[in-house]
Amino acid sequence: MKTIVNLRGVKMMENLKYLAATFLFVLIGLKVYSQQDPMYTQYMNNPLSVNPAYAGTRNVASLTGVFRKQWVGIEGAPTTSAVSFTMPNKKFHYGLGASLLYDALGPVTQTGLYLDYAYFIRFDQKGTLSLGLKGGFNYFYIDYKGLRYNDTDTDLDHLENEALFLPNFGVGAYYYTDKLYLGLSVPKLLKNTLDKNNSVTVEHLNREEWHCFLMGGYVANLTEHIDLKPSFIARYAAGSPLSLELTATVMLYDKVWIGGMYRVGDSFGGLVRWQVNPKIHIGYSYDLTRSVLRSFNTGTHEIFIGFDFLSKERSEAVSRFF
């Protein structure tokens with residue numbers, strides 16, 4: 001779900017020329033109960049975006065980038081770009097991470113910068129529990145001056161653009177082995193107000209809410225060269241319905257992942273991932289919504305690219321499953 005405005009739960013007007021007016025109407029005071037953090041179809045390729053405890057768990061320094069274009073064909077629909085870096089310190093059993101996010105939805109843009117720290121507790125030869133902390137900020141900018149309204153008699157000149165600086169922190173836990181993982185996190189614990197004058201007192205209105213994420217996955221070896229990886233992610237925010245996404249992918253010869261996803265009651269799609277070489281892996285996903293928006297867009301595209309900083313002595317892929 002996206003920042004401030006949750007168009008997934010709002011019925012789209014049949015005439016798209018009123019879309020900009022809808023953005024304005026929602027932003028200046030409607031009771032909007034929404035999930036405010038960006039959503040990723042390829043969450044399993046970069047759990048750091050929602051769980052700080054993932055930092056360093058790949059046992060190698062990694063750089064990842066994601067670009068997501070949602071609801072292509074609808075003007076002002078969500079667009080998200082994110083870059084993250086993570087690295088382990090094996091000697092002292094901890095990992096570090098950093099994430100940079102840019103998210104745009106109509107007249108609203110959000111820039112976020114967060115740092116992550118995770119401490120590893122090894123239970124046995126196979127299982128490790130990672131406990132993580134996340135800290136940083138989001139910078140919101142609302143461009144009221146850029147809004148367009150079909151009614152030429154409507155005067156929007158009295159609206160002033162707004163900028164908000166919102167520091168925050170979060171926590172997470174992540175248990176993993178060579179074959180499975182399970183994570184639980186709340187990336188933002190502070191309920192910052194989104195009303196500059198602090199004039200809004202209605203619960204859930206114009207403020208950041210806790211977003212709880214539960215995710216898990218497992219790898220089953222079907223044959224010598226074929227593996228099956230089912231995974232899931234559940235998202236919950238106060239005032240919003242539970243979001244559950246189920247994904248299943250098949251890995252062929254340790255090189256290519258092919259699979260599908262189903263977001264319960266919302267959308268479905270497919271995804272592929274290619275291990276180009278031991279250092280580089282790329283992915284692509286395509287979603288189609290099942291909501292009332294399906295008549296107004298041609299789907300959602302998401303591109304992922306990852307780079308592992310392997311030494312020359314290490315030619316094998318590291319943590320290929322997770």
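1. Let me start with the charges: R68, R235, E245, R263, D266, D287 and E302 are linked in a network of salt bridges. The term covers a side-chain nitrogen of Lys or Arg within 4 Å of a carboxyl oxygen of Asp or Glu. Across the structure, that rule gives 9 salt bridges.

2. Before going on, the ground rules. This is a predicted model, with local features needing pLDDT of at least 70 and side-chain atom pairs counted only at pLDDT 80 or more, while totals for chains, interfaces and linings use all residues. Numbering runs from 1 along each chain as its sequence is written, and side-chain values use heavy atoms, with hydrogens and water left out.

3. Strands here are DSSP runs of E, at least two residues long, and helices are runs of H or I of at least four, both numbered from the N terminus. Both R263 and E245 are buried, where buried means under 20% relative accessible area, exposed over 50%, and partly exposed in between (1.4 Å probe, protein chains only).

4. Have a look at R58 and D308 too: their side chains meet in a salt bridge at 2.5 Å, N to O. With R58 in the loop between α1 and β1 and D308 in strand β15 (residues 300-308), the pair ties together parts that are 250 residues apart in sequence. R58 and D308 are both buried.

5. K191 counts as partly exposed at 41% relative accessibility, whereas E209 is buried at 3%. K229 likewise has its charged end over the ring of W257, 5.6 Å from the centre.

6. On to the rings: the whole structure has 8 aromatic pairs. Rings of Phe, Tyr and Trp (its six-membered ring) pair if their centres lie within 6.5 Å; planes under 30 degrees apart are stacked, over 60 edge-to-face, the rest tilted. Y54 and Y174 are edge-to-face, 5.4 Å centre to centre with 85 degrees between the planes. Y54 is in the loop between α1 (19-27) and β1 (62-69) and Y174 in strand β6 (residues 162-176), so the pair ties together parts that are 120 residues apart in sequence. Ring pairs link Y54, Y174, Y176 and Y181 into a cluster.

7. Y176 turns up again at the largest pocket, among the residues nearest its centre, along with T57, N59, R122 and T128. There are 22 lining residues, divided into 8 nonpolar, 8 polar and 6 charged. For these classes, Ala, Val, Leu, Ile, Met, Phe, Trp, Tyr, Cys and Pro are nonpolar, Asp, Glu, Lys and Arg charged, and the others, Gly among them, polar. A pocket is an open set of points on a 1 Å grid over the protein atoms alone, with protein on both sides within 12 Å along at least five of seven lines; lining residues have an atom within 4 Å of a point.

Technical notes. Lys NZ or Arg CZ within 6 Å of the ring centre and 35° of its normal. 1 Å grid on protein atoms, 1.4 Å probe; cavity = no way out; pocket = protein on both sides within 12 Å on 5 of 7 lines; lining within 4 Å.
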